[in-house]
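Here is a walk through one predicted protein model.

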Amino acid sequence: MKTNLKKFASVSTCMLVMSNAHAYKYIIYTDDVKTDKAEQVASMMKTTYPFSKLDIEIEVVRLQPHELECSSKYGIDRLVMCDNVADIQRRAMLAGGDQAMIIKDTEKYGGSSQVGGGVPVMTTAGGPRVMLHEYMHTLGLCDEYEYSEPEAEIYCKDSDRPNLVFIEPLDPYGGDSVAKGIHMGSIPWASDISANTPITNTDGTRLGTGDVDFTNKVPANSSDVAEALSEPTGLYKGKICNQAVPKRVSWHPGAGATIMENTDAGLGAPLEKVVEKIMISKGAKLKLQYQDEVEAKEPPQKEESAGSVVVTPEPIERINNTARSFFKSFFSWAKEAIENVKKVLSL
């Protein structure tokens, strides 16, 4: 009896470790028969920093065209939206996914997403980085290009975002320390700004580390190492709401044009930090070799896995625990755990 209890305790410990050993899972739904674009997106996501250092899995699920209710909206040809995104995200969760993505097969270029959540959408007419741009929106990031006057009327009423803060300058300031005392508490990325990096000009009287140079596209980072800082994280003046009435002065963490301004660009070092923190907060885990970067320094829970792309002809629904940050595919996990208990008790 004691032997069996010891075995059961060992198994219970194993089960506890297993419960946190799942990768962060994306499920891409597409009606593209060849799934080429979906697999390009999967490859791009897994090789783009900081996702490249996270333990992620990507599954591609083929749907019939009628299962994706997507079309252009509000008279804007490139604004392709899907009416059944809530159902798609539900299907993803039932299949053990954390985030659904949609790729609609059409020759029409476009995409859409909801800032701060939802399901990112793109068409097969766009490059894979369009999906990354749209996915950044679901993480809370906003565009960085200049809105037209009608767009500004809609979007410039928004509050601050992880890559955007609206601050009306109070020039002249009595030095950089004065400006920091006034504004640092309202800057979302303040913790990434070094004490040696000013948020004012050289004499400390005007607000801003500098202006965003939109002619300088930051390079795409396809490694698993953070982008080197060409410019430090600071407070750089943007242009997103220049056409708003009244004009709103916007500021960003980086000095170059990022993917939120141009899909050909990368994230840049400041946004890489922002996105990594958001992903960790959503329950994504670092690969084994990066575990020592976590402040909590939890013991490794699984061997490194680069994830894989699995093409499923039809969606298979699996019941999933709603505590998304801690458990994935509960009944699938339980079945595996029970099998392990049987093996140990038979020893």
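Glu261 is buried but forms no salt bridge. Buried means under 20% relative accessible area, exposed over 50%, and partly exposed in between, with a 1.4 Å probe and protein chains only. A salt bridge needs a side-chain nitrogen of Lys or Arg within 4 Å of a carboxyl oxygen of Asp or Glu. The nearest side chain of opposite charge to Glu261 is Lys239, 4.0 Å away. For charge, Lys and Arg count as positive and Asp and Glu as negative, while His and the chain ends are not counted. Glu261 sits in the loop between strand S13 (256-257) and helix H7 (268-281). Helices (H or I, at least four residues) and strands (E, at least two) are DSSP runs, numbered from the N terminus. Leaving out residues up to four places away in sequence, Glu261 touches Glu144, Tyr145, Phe214 and Lys239. Contact here means heavy atoms within 4.5 Å.

Two notes on the basis of these values. The model is predicted, so local features need pLDDT of at least 70 and side-chain atom pairs count only at pLDDT 80 or more, whereas totals for chains, interfaces and linings use all residues. Residues are numbered from 1 along each chain as its sequence is written, and side-chain values use heavy atoms, with hydrogens and water left out.

Now the whole chain. Its secondary structure comes to eight helices and 14 strands. Of its 347 residues, 47% count as buried. Take the contacts between residues at least 6 apart in sequence: 67% of them join residues at least 24 apart.

Among the buried ones are Arg129, His133, Glu134 and His137. What do the buried residues of H4 pack against? Their partners are strand S1 (24-30), H2, strand S5 (99-104), strand S6 (111-114), strand S7 (117-123) and H7. After H4 comes Gly140, with a positive phi near 110°.

Consider the pairing with H2. Helix H2 (residues 36-46) and helix H4 (residues 128-138) pack at an angle of about 60°, and their axes are 8 Å apart. That angle makes H2 oblique to H4. Angles under 35 degrees count as roughly parallel, over 145 as roughly antiparallel, 65 to 115 as roughly perpendicular, and the rest as oblique. Axes are lines fitted to C-alpha atoms, for helices over the stretch in contact, and angles run from 0 to 180 degrees between N-to-C directions. H2 contributes Gln40, Val41, Met44 and Met45 to the contact, and H4 contributes Pro128, Arg129, Met131, Leu132 and Tyr135.

The structure holds eleven salt bridges. One joins the side chains of Asp31 and Lys104, at 2.8 Å from N to O. This pair links distant parts of the chain: Asp31 is in the loop between S1 and H2, Lys104 is in strand S5, and they are 73 residues apart. Both Asp31 and Lys104 are buried.

A second bridge is local. Asp176 pairs with Lys180, their closest N and O atoms being 3.4 Å apart. Both lie in helix H6, four residues apart, about one turn of the helix. Asp176 counts as buried at 19% relative accessibility, and Lys180 does at 16%.

Lys277 lies in helix H7 and Asp192 in the loop between H6 and strand S9 (210-211), so the pair ties together parts that are 85 residues apart in sequence. Lys277 is partly exposed, with a relative accessible area of 43%. Asp192 is buried at 14%.

Finally, the backbone. Cis peptide bonds join Asp171 to Pro172, with omega about -5°, and Val245 to Pro246, also with omega about -5°. Pro172 lies in the loop between strand S8 (165-166) and helix H6 (176-183). Pro246 lies in the loop between strand S11 (236-237) and strand S12 (250-252).

Thr35 is not a glycine, but its phi is positive, near 60°. Thr35 is in the loop between S1 and H2 and counts as buried at 2% relative accessibility. Tyr74 also has a positive phi, near 55°. Tyr74 lies in the loop between strand S3 (70-73) and strand S4 (76-82), and is exposed, with a relative accessible area of 70%.
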